[in-house]
Amino acid sequence: MNPSPLIYLAGPGIFRKDAEQYGAELKRQCRAFGFWGFWPGDIDVKGLTPIQAAHTIRQGCINMILRCNAVIADISPFRGIHMDTGTADECGRADMIGKPIFAWSDDRRELADRTLGHFFPTDNGQVSDYAKQNGFTDYSNKNPIR
């Protein structure tokens, strides 16, 4: 019998108010598909100073990535229009050592569309008049916005 694949669960979910429950749910979903999920929230930092905790979390995440067979990364926008920088770092580390990375996002828009929506928001999700009046380009089809 082959052992279950080990999956590192990367993403900003660790910063959620319900991070413990969220991580447990991600790991439960992994088990439902025959995988073992490894979650950064499982790293014990009780009793450590903030600096010690940061170093322990960093090294713990690196060790998990090294141990796992693959990474599943939540690349949803976090604190802005881009993915969490820690998740980007983890994906880069995994890629460097040849680990497969499977990414998902709760925002399926292209970055150009997210950027326009972030800086020129409208109530209906359409590109704002400001963007149209100032010659911004819709990079999803390479045409000027009209």
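Me: In this predicted model, what makes two rings an aromatic pair?
Reply: Rings of Phe, Tyr and Trp (its six-membered ring) pair if their centres lie within 6.5 Å. A search of the whole structure finds 2 aromatic pairs.

Me: Why is Phe78 called buried?
Reply: Its relative accessibility is 18%, and buried means under 20%; therefore Phe78 counts as buried. Phe15, at 48%, is partly exposed, because that class lies between 20% and 50%.

Me: Why is the pair of Tyr22 and Trp39 called edge-to-face?
Reply: The planes of Tyr22 and Trp39 are 65° apart, with 5.9 Å centre to centre. Tyr22 lies in helix α1 and Trp39 in the loop between β2 (36-38) and α2 (50-67), so the pair ties together parts 17 residues apart in sequence.

Me: How do you know that Tyr22 is buried?
Reply: Tyr22 has 16% relative accessibility, and the cut-off for buried is under 20%, so Tyr22 counts as buried. Trp39, at 4%, also counts as buried.

Me: Which residue lies over the face of Phe15?
Reply: Arg79 does, at 5.1 Å from the ring centre. Arg31 lies over the face of Trp36, at 3.7 Å from the ring centre.

Methods. Residues numbered from 1 in each chain as written. Predicted model: local features only at pLDDT ≥ 70, side-chain atom pairs only at ≥ 80, totals over all residues. Heavy atoms only, no water. Phe/Tyr/Trp six-rings, centres within 6.5 Å; stacked < 30°, edge-to-face > 60°. Buried < 20%, exposed > 50% of the residue type's maximum accessible area, 1.4 Å probe, protein only. Helix = DSSP H or I, 4+ residues; strand = E, 2+ residues; numbered from the N terminus. Lys NZ or Arg CZ within 6 Å of the ring centre and 35° of its normal.
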